[in-house]
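The sequence and the structure are shown first.

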Amino acid sequence: MMIEGLARRAATALAVLAALNLEAAAQQAAPQAATPDTADATSRAILEAARSGTQGYDIVEGLTTEIGARLAGTPEEARARDWTAAKFREIGLENVRIEPFTIPGWIRGVETARITAPYPQQMLVTALGGSVATPADGIEAEVVYFPTFDALEAAPLASEGGDLAGKIVFISGRMEKAPDGAGYGPANVKRQRGATEAGRRGAAAVIIRSVGTDSRRFPHTGQMRYADDVPPIPIAALSAPDADQLERILERGETVEVFLKVRPHFFGDAPSGNVIGEIVGTERPEEIVLIGAHLDSWDLGTGAVDDGAGIGIVAGAAQVLIEAGLRPKRTIRVVAFGAEEVGLLGAFEYADAHADTVENHVLATESDFGAEPPYEVLINVGEGDAVIRDVAATLGLPIGDRTTTGGPDIIPLARAGVPVMRFQQDGTDYFDLHHTPDDTLDKIDPDDIAENVAAFALMAWTAANAETDFRADADTEG
Ligand SMILES: [Zn+2]
């Protein structure tokens, strides 16, 4: 059924594209229900071509099938760069290149955990990215339970009478679901700082309840960090049902012991890179509208939802414009950032490498929140506000009353003063899959990808043609 649907959509897309070069034909295109009558013929045609096409879905399908997982710094990420550069050329992007950089390589090893007392049984666990290893024969120790990260942080240090020395610290705490993923930041603190605060108190290792919103038996990985002044200890995440199980046993009041063995390792300098392609502008080619996503993924799934979907959405949006023969006045630059998951390393590299042209970036945005359709638009620009509001209205999307950094990989550009906006995608269920083995292509609906492609194509096209200085302060306009 899905195949039939795709074939039908592809046929419709071809028909639409055939008509698109003829202005009159474009005006006759059946308007989408959500497209107001005031939208111009080109905007209508872009939306129709994207919504009836499979450009974005085909790209994420290809990337996740032909490459699969692509952990930053590994040969798989390198293959993904080559694949993406070839795809960018195939869809007609210009100036396609890979901008290489080097990162500290880290790779997962054997990982296992079990309760050894009082009720021996296996648990499902995964090391957090950047974690050090346990000794080769693992660690077996008593578990000390902290319901939240705050409870751990409030625990006394060894010098204050604390008694975590040699223990395995277990940090629980549940993440709340929300469309904008608002629960992620608070829940993520234990992942990022749990090993530091437990290590500061003398613990031997840390296990956390996975940062996620599901109750499936998949542990969620994700990057962690060590403070410089604390000896690093291993940290790993339990699946939610395993964390539940451990809590039930702890509630029985007995001493609980756990065996943990995780054997990741750093392997020195490793190659990463950003892949870039452009639709070169006809009138102001030096001015750039940047649409990005991140190419690397965690190693457990195939990185379909995080962030193969985003790669499909932004490259698919460019493909829609190219297939329609549309040439923007400004350059539309597509960036597939490397090494996002391990600390936005590609984003910082891009901002450094392009520091001398950062002023030429008139608008930047990223798709990195899965494949669900957008439900609102966030804006952080000056005078271009009205242009973006118009696009949002054409898409039938309200404007959110918060600011935005444009997406994780856009943060360094936003800090450097680049105007940014973001399509807020519905992320209510995003953290069910996030960073788990369950992040695979079957979770993506082609219609949802197509709606995102439509939004990005229309925004990029409109911003690249607008007679607006997006940086100008709208408030001081006289
Ligand atoms: Zn991501």
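The radius of gyration is taken over C-alpha atoms, and the globule rule is 2.2 Å times the number of residues to the power 0.38. For 478 residues, a compact globule would therefore have a radius of gyration near 23 Å, and the chain, at 24 Å, agrees with this. The model discussed here is a predicted one. Along its principal axes, the C-alpha trace spans about 75 × 55 × 40 Å. The chain contains 14 helices and 15 strands.

**Domains**

The domain assignment divides the chain into domain 1, made of residues 2-104 + 269-476, and domain 2, made of residues 109-263. Between the C-alpha centres of domain 1 and domain 2 there are 36 Å.

**Helix packing**

Two packed helices are described by the angle between their axes and the distance between the axes. The table gives these values for two pairs.

| Helix pair | Angle between axes | Distance between axes |
|---|---|---|
| H3 (residues 41-51) and H14 (residues 446-465) | about 150 degrees | 8 Å |
| H4 (residues 55-66) and H9 (residues 304-323) | roughly 135 degrees | within 7 Å |

Helices H3 and H14 pack at an angle of about 150 degrees. Because angles over 145 degrees count as roughly antiparallel, H3 is roughly antiparallel to H14. The crossing of H3 past H14 is right-handed. From H3, the contact draws on Ser 43, Ile 46, Leu 47, Ala 50 and Arg 51, while the residues of H14 include Ala 450, Glu 451, Val 453 and Trp 461. By class, this contact of H3 with H14 has 9 nonpolar, 1 polar and 2 charged residues.

For H4 and H9, the axes cross at roughly 135 degrees, which makes H4 oblique to H9. H4 also passes H9 in a right-handed crossing. The H4 side of the contact consists of Gln 55, Gly 56, Tyr 57, Ile 59, Val 60, Leu 63 and Thr 64. Among the residues that H9 contributes are Ala 304, Gly 308, Gly 312, Gly 316, Gln 319 and Val 320. The contact of H4 with H9 has 10 nonpolar and 7 polar residues, and no charged residues.

Terms used
Residues numbered from 1 in each chain as written. Predicted model: local features only at pLDDT ≥ 70, side-chain atom pairs only at ≥ 80, totals over all residues. Domains from an automatic or database assignment. Axes fitted to C-alpha atoms, helices over the stretch in contact; angles between N-to-C directions. Helix = DSSP H or I, 4+ residues; strand = E, 2+ residues; numbered from the N terminus. Parallel < 35°, antiparallel > 145°, perpendicular 65-115°, else oblique. Left-handed = near helix turned anticlockwise from the far one by under 90°. Contact = placed C-beta atoms within 7 Å. Nonpolar A, V, L, I, M, F, W, Y, C, P; charged D, E, K, R; others polar.
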